[in-house]
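Please read the points alongside the model.

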Amino acid sequence: MPIQKETACKAKAYSNIAYIIDPQKTMDADGNMWICTINMKCSGTASASALAAEFAEVNQQFGKNMAYGERKYYHLILNFKNSASVSPQMALDVAKAYLKRFWPDHQAVLVVHLKGHKDMSDEEINMSDEDYDEAYKGGVHIHACINSIN
């Protein structure tokens, strides 16, 4: 079972989406990109600007998140304690199930990063945000950018 870190963000989603869909983080040795979209018209092969524009379109449709101070999206990270035993497909399946349960009607860009965070020890599960950010530097993990509007 993964450990989650979730951050509410007030900036526009483009920068976050551009970061999480970076091919250097998501492409495996066979050239597969581990990206999918949920409740979106755009596919996982769309550009960061197209994905962010779809988030903005839904926000505008409902008259929400136009001002800077409003929460526009959530950045979710799921880390696995023994990431060496987690395949990209397994991580993606777990993340899809997680989003289906906790964010059922939200738009989301879901991405498997193949390296960059490290496995978690039992002691690290209860660490502070600053220590958490510093600690995760290797292994398969998930990033999701989730529109705050459903």
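1. β1 and strand β3 (residues 73-79) pair in the antiparallel sense, over 7 bridges; two strands count as paired if DSSP finds at least two bridges between them. Within β3, N79 is the bridge partner of I3. Strands (E, at least two residues) and helices (H or I, at least four) are DSSP runs numbered from the N terminus.

2. The model is predicted: local features need pLDDT of at least 70 and side-chain atom pairs count only at pLDDT 80 or more, whereas totals for chains, interfaces and linings use all residues. Residues are numbered from 1 along each chain as its sequence is written, and side-chain values use heavy atoms, with hydrogens and water left out.

3. The open sheet comprises 5 strands in the order β1-β3-β5-β4-β2, with antiparallel pairing. Its edge strands, β1 (3-9) and β2 (35-38), each pair on one side only. From one strand to the next, the twist averages 15 degrees.

4. Helix α3 (residues 48-61) lies across β2, β3, β4 (108-113) and β5 (141-147), at about 35 degrees to β5. Helix α4 (residues 88-102) lies across β1, β2, β3, β4 and β5, at about 150 degrees to β4. Axes are lines fitted to C-alpha atoms, for helices over the stretch in contact, and angles between N-to-C directions run from 0 to 180 degrees.

5. The C-alpha atoms of I142 and V111 are separated by 5.7 Å, although the residues are 31 apart along the chain.

Note on methods:
Contact = heavy atoms within 4.5 Å.
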